[in-house]
Amino acid sequence: MKELLYINKECYEEVIAHTKEGFPDEACGILAGNDSIVSKVYKMVNADQSPLTYFMDPKELFQVVKDIRNNNFEMLAIYHSHTASEAYPSATDIKSALYPDSLYVIVSLREFNSPKVRAFHIDEGNVTEKEIRILDKENQNGD
Ligand SMILES: [Zn+2]
């Protein structure tokens, strides 16, 4: 498991825009790319249509996973929003985290105009924060 999650600026902004569009319900989706660099955002439907929980429609998830494979991407992270709580996994998030190979990105819209975005590795109840680095066009190739 990598220590960092890199995300292209456009993708980062897309995620925030998507979670704001979904408000007051939670929004969810998948971040894909290669070498820990997110280059594709799959905005998904929250089948729960709830401000407190999210659930990915299995059929939509299947299509997304297929598209990820067809593009030789990796599923790097699963994102969802918290509309009234901090950007930290809830007890439910921890319990239902089934993909230890993906990170869990949480966007908190508690302060709607200054969203907080954090990433976590969740494995069998253990939560470890991972740093997110946003890549601008200028530094996309270097580090
Ligand atoms: Zn949550």
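This is a predicted model: local features need pLDDT of at least 70, side-chain atom pairs count only at pLDDT 80 or more; totals for chains, interfaces and linings use all residues.
Start with the strands. Seven of them make a closed barrel, in the order β1-β3-β2-β4-β5-β6-β7, and the pairing is mixed. On average, neighbouring strands are turned by 40° against each other, ignoring direction. What holds strands side by side in general? Strands of a sheet pair through backbone hydrogen bonds, and the pairing can be parallel or antiparallel.

Now find the spot where β1 meets β7. Strand β1 covers residues 4-8 and β7 covers residues 126-135, and the two pair in the parallel sense over 5 bridges. If you'd like a landmark there, look for Y6, which stands opposite R133 in β7.

Next come the helices. Helix α1, residues 9-22, packs on the sheet and touches β1, β2, β3, β4, β5, β6 and β7. The direction of α1 makes about 20° with that of β3. Helix α2, residues 58-70, lies across β2, β3 and β4 and runs at about 155° to β3.

Finally, zoom in on β5. On one side, β4 runs parallel to β5, joined by 6 bridges, and H80 has I106 as its bridge partner in β5. β6 also pairs with β5, but here the strands run antiparallel, with 5 bridges; Y104 is partnered with F120 in β6.

So is β5 buried or exposed? 6 of its 6 residues are buried. In a regular strand, side chains alternate between the two faces of the sheet. In β5, L103, V105 and V107 sit on one side, Y104, I106 and S108 on the other, and both faces are covered.

Technical notes. Residues are numbered from 1 along each chain as its sequence is written. Side-chain values use heavy atoms; hydrogens and water are left out. Two strands pair if DSSP finds at least two bridges between them. Helices (H or I, at least four residues) and strands (E, at least two) are DSSP runs, numbered from the N terminus. Axes are lines fitted to C-alpha atoms, for helices over the stretch in contact, and angles run from 0 to 180 degrees between N-to-C directions. Contact means heavy atoms within 4.5 Å. Buried means under 20% relative accessible area, exposed over 50%, partly exposed in between (1.4 Å probe, protein chains only).
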